[in-house]
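Please look over the model shown here. A short report on its packing follows.

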Amino acid sequence: MTPGEIRRLYFIIKVFLTYGLDELIPKIRLTWPLRFGRSFLFWLPNRHKDKPLGERLRLALQELGPVWIKLGQMLSTRRDLFPPAVADQLSLLQDRVISFDGNIARKSIEDSLEGPLETWFEDFDPQPLASASIAQVHTARLKENGKAIVIKVIRPDILPVIKADVRLMYRLANLVPLLPDGRRLRPLEVVREYEKTLLDELNLLREAANAIQLRRNFENSPMLYVPEMYPDYCRENVLVMERIYGIPVSDIAALEAQNTNMKLLAERGVQVFFTQVFRDSFFHADMHPGNIFVSYERPEDPIYIGIDYGIVGSLNKDDKRYLAENFIAFFNRDYRKVAELHVDSGWVPPDTNVEDFEFAIRTVCEPIFEKPLADISFGHVLLNLFNTARRFNMTVQPQLVLLQKTLLYVEGLGRQLYPQLDLWKTAKPFLENWLHGQVGIPAFMRAFKEKAPYWAEKLPELPELVYGTLQQHKRLQTSIEQLSQQFKQRQNNHRKSLYLLGIGATLFISGGLFFMTNQAHLSAWLMGAGVIVWLLGWFKLK
């Protein structure tokens with residue numbers, strides 16, 4: 001480790017211990033060395049004994065920086081895994097991280113746009129509207145038309161902190177393969193994917209492009225509204241977008257106060273997610289409650305408003321199909337199909353015993369499905385499935401990590417809005433319709449429409465292409481015949497060489513036998529001839 005990495009590791013340990021988070025270490029035999037080692041760090045006592053665990057955890061993650069804050073944001077959505085006191089505190093990491101000075105933000109904007117802020121904006125508020133792990137936002141108005149906007153600014157000096165934490169993650173990832181079953185987790189690829197995600201978030205030009213794409217995908221949608229971007233004012237560390245007005249999706253009391261249809265709102269969250277993944281193959285991968293609002297308009301027919309598109313994910317055609325078929329098979333409790341799909345997709349080795357894999361999945365899932373569907377947590381199903389698949393050497397799929405995280409966000413959010421949410425019942429019709437559209441006449445017609453312009457362009461060239469193909473085939477046939485003749489010639493030469501080598505060796509051995517019978521003169525001739533013939537065969541073979 002470099003001195004910088006050692007300092008950062010010590011800082012992480014120090015923060016965890018001074019906030020008393022060592023009490024989270026389970027008291028089991030396996031963790032005994034960690035608990036014993038804690039006693040040697042006596043100069044780092046818990047300095048926040050007066051604060052509850054949830055608050056201490058939030059403050060520690062906040063002090064450690066963006067990598068850890070992102071972890072806290074994800075954990076805050078899993079209210080089925082954490083008590084309310086902890087989940088409530090972690091939810092504050094979504095948009096209430098300690099802000100930096102508004103004057104620093106103003107200077108950063110002016111440096112990026114290369115001019116005084118008043119040239120383009122008016123009513124700039126130095127007090128941030130919200131502050132998160134990577135950036136914070138300030139309100140203003142466009143000078144040209146008076147439209148209300150927000151300006152997002154990247155936190156100063158954040159890149160070195162992120163890089164230091166990622167380097168430590170790489171160090172730990174290099175150790176994971178040394179553990180039993182560690183290679184299956186593909187830790188380096190997972191860390192590499194996470195690093196890419198974090199660095200992408202630091203480029204606000206990328207976020208603006210993502211938002212423009214998603215706005216186009218959901219234009220005039222009754223489910224999701226994506227704010228307008230103003231790319232003329234966007235830079236790598238500054239983003240300018242339309243200001244939106246809505247109720248934070250985590251503010252259940254405010255949503256209920258305006259008689260929001262909570263069941264429809266929860267179901268639409270699931271539909272928005274699956275639409276992005278399967279219809280568009282372009283999904284918002286940071287859907288924690290701090291980035292999701294609900295419009296004040298039409299509470300009986302609610303519409304989401306999404307912000308912060310720094311992290312998006314996509315799947316290729318094969319992964320989408322396998323994933324959709326896996327979901328459908330799970331919904332139908334067709335475990336044989338699930339096992340076969342895992343083998344076909346390459347997620348488990350091709351020599352996996354499908355019958356054994358099917359039985360293992362059935363053993364895990366059947367007790368879960370005995371509960372009412374509304375009581376089943378998809379997060380728990382995934383966890384149990386991965387634990388089972390691990391025994392069959394299932395490798396981690398880095399391209400699915402963002403999807404898994406986002407699905408857990410969506411389920412946590414949906415159950416918070418409407419605890420009776422039946423994720424399975426909501427998703428199954430969508431997936432069945434999508435799969436139906438991928439096969440048969442509808443899929444053929446869609447593919448024909450997509451390819452028709454290309455075919456129309458190439459049609460005049462068809463006679464020439466056919467003639468060229470025939471000529472190429474003729475030349476190829478001639479080349480094959482020439483190669484065949486050369487190969488036969490080489491075979492003949494090789495056979496002759498081996499024949500000469502055999503004769504030479506025979507003569508040499510015969511000369512040796514004559515030497516033993518005291519016929520030295522004849523022996524010399526035979527051995528000499530044997531060497532000459534053998535050398536001729538050897539040179540011919542070369």
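The model is predicted. Its local features are limited to residues with pLDDT of at least 70.

**Aromatic rings**

The structure holds five aromatic pairs. In one of them, the ring centres of Phe274 and Phe430 lie 6.3 Å apart. Their planes meet at 45 degrees, so this pair is tilted. The angle falls between the 30 degrees below which planes count as stacked and the 60 above which they count as edge-to-face. The pair joins distant parts of the chain: Phe274 sits in helix 11 (residues 262-280) and Phe430 in helix 17 (residues 423-437), 156 residues apart.

The two partners can be set side by side.

| Residue | Relative accessible area | Class |
|---|---|---|
| Phe274 | 3% | buried |
| Phe430 | 23% | partly exposed |

Both rings belong to a cluster linked by ring pairs, made up of Phe273, Phe274, Phe278, Phe283 and Phe430. A charged side chain also meets a ring in this model: Arg279 lies over the face of Phe218, 5.2 Å from the ring centre.

**Nonpolar cores**

The largest nonpolar core has 99 residues. Phe274, Phe278, Tyr304, Phe327, Ile361, Leu417 and Leu431 touch the most other members. Helix 11 gives the most to this core, with nine residues.

What does Leu431 contact, leaving aside its neighbours within four places in sequence? Its partners are Phe274, Phe278, Ala324, Phe327, Ile328 and Phe331.

Another core lies apart from the largest one. It has 16 residues, among them Ile109, Ile151, Val153 and Val240.

**A buried glutamate**

Glu325 lies in helix 12 (residues 317-331). Its relative accessibility is 16%, so Glu325 counts as buried, the cut-off being under 20%. Not counting residues up to four places away in sequence, Glu325 touches Leu341 and Leu435.

**Helix 3**

Helix 3 runs over residues 53-64. At 1.5 Å a residue, its 12 residues should span 16 Å. The end C-alpha atoms are 17 Å apart, which agrees.

Helix 3 is mostly covered, with nine of its 12 residues buried. The buried residues are Gly54, Arg56, Leu57, Arg58, Leu59, Ala60, Leu61, Gln62 and Leu64. Gly65 follows helix 3, and its phi is positive, near 110 degrees.

Technical notes. Residues numbered from 1 in each chain as written. Predicted model: local features only at pLDDT ≥ 70, side-chain atom pairs only at ≥ 80, totals over all residues. Heavy atoms only, no water. Phe/Tyr/Trp six-rings, centres within 6.5 Å; stacked < 30°, edge-to-face > 60°. Helix = DSSP H or I, 4+ residues; strand = E, 2+ residues; numbered from the N terminus. Buried < 20%, exposed > 50% of the residue type's maximum accessible area, 1.4 Å probe, protein only. Lys NZ or Arg CZ within 6 Å of the ring centre and 35° of its normal. Core = buried A, V, L, I, M, F, W, Y, C linked by side-chain atoms within 4.5 Å. Contact = heavy atoms within 4.5 Å. Expected span 1.5 Å × (residues − 1).
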